[in-house]
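Hi everyone, thanks for making the time.

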Amino acid sequence: MITDPKVEQYMHSLLPAADAVQAEMERIGAERHFPIVGPLVGRLLLQVARAIGARDIFEMGSGFGYSTLWFARALDESGRVVHTEMSDDLSEEARRHLTRAGVAARVTFEVGNALDTITRYPGPFDVIFIDVEKEDYPAALDLARVRVRPGGFIITDNVLWSGKVAQDPSTFDAATRAIDTYNRVTAAAPDFLTTILPLRDGVALHYKIAETPRRTRPSSPRIGQLTPLGRKTPLPR
Ligand SMILES: C[S@@+](CC[C@H](N)C(=O)[O-])C[C@H]1O[C@@H](n2cnc3c(N)ncnc32)[C@H](O)[C@@H]1O
């Protein structure tokens, strides 16, 4: 969408083959022109959730459960992802797909407005994913930012909105204006470290700043110091 179609195609060609449930959901998305995140973004969701050892994930706007599938696969049996969806039918459909994928036990299904639903969940969450109506992005952010733990992520889809956010602001429609506001607020937020990846329609990663726990390891020998074998570490050339 944002990237050159050939580059997009190339990245797709590197992906491992989808299993039966993922492939079926991608086929349904394409047939209905339903805006699922797709496998490139799906893998990013999986990667981030795995990297931080996520156990509690909240999705705002889950559709028929495609992005939920990626998050659920990042969790172990003790993890939980909350699927939120306005449409009863889409929620039921998500339950069917995720049951077939063997991950439904890790999913809590909530029908209704995600901006209301989240107020019943104080958190803290390891990841909150925002993919609701674009006009609601600023309000969704306010609700999400106080519920994500330090060291966790808010991840938001469609933040480049087919490139419309880069056009002349006087041409913005309501959705583009809301996304642009969202992007400016998050970019300036002192409690988050934000990167927008121009992947598919633009994905924002907002890291909630925390004291970063350092990996513990024996300290490496200093230059010129004796190593355990009695050799001096070489000076860099
Ligand atoms: C872009 S689709 C979500 C796709 C899904 N995240 C995926 O990648 O598989 C947006 C979905 O969110 C739902 N939605 C939009 N605004 C919502 C809201 N405020 N609360 C709950 N669901 C919402 C829509 O009905 C639609 O199914």
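Predicted model: local features only at pLDDT ≥ 70, side-chain atom pairs only at ≥ 80, totals over all residues.

Let's start with the whole chain. The C-alpha trace spans about 70 × 50 × 40 Å along its principal axes. Of the 237 residues, 36% are buried. If you take the contacts with a separation of 6 or more, 67% of them join residues 24 or more positions apart.

Now to the ligand. Which residues are the closest to it? Those are Gly61, Gly63, Tyr66, Ala114 and Val132, out of 20 residues that surround the ligand. By class, this shell has nine nonpolar, seven polar and four charged residues. Three elements each supply at least two residues of the shell: helix 4, residues 66–74; strand 2, residues 80–85; and helix 6, residues 114–117.

Helix 4 also has a packing partner. Two packed helices are described by the angle between their axes and the distance between the axes. For helix 4 and helix 5, which covers residues 88–100, the angle is about 40° and the axes are 10 Å apart. The crossing of these two helices is right-handed. On the helix 4 side, the contact is made by Thr68, Leu69 and Ala72, and helix 5 brings Ala94, His97 and Leu98. That contact counts four nonpolar and two polar residues, with no charged ones.

That's my tour, and I'm happy to go back to any part.

Technical notes
Residues numbered from 1 in each chain as written. Near = placed C-beta within 6 Å. Helix = DSSP H or I, 4+ residues; strand = E, 2+ residues; numbered from the N terminus. Nonpolar A, V, L, I, M, F, W, Y, C, P; charged D, E, K, R; others polar. Axes fitted to C-alpha atoms, helices over the stretch in contact; angles between N-to-C directions. Left-handed = near helix turned anticlockwise from the far one by under 90°. Contact = placed C-beta atoms within 7 Å. Buried ≥ 20, exposed ≤ 12 C-beta atoms within 10 Å, placed from the backbone.
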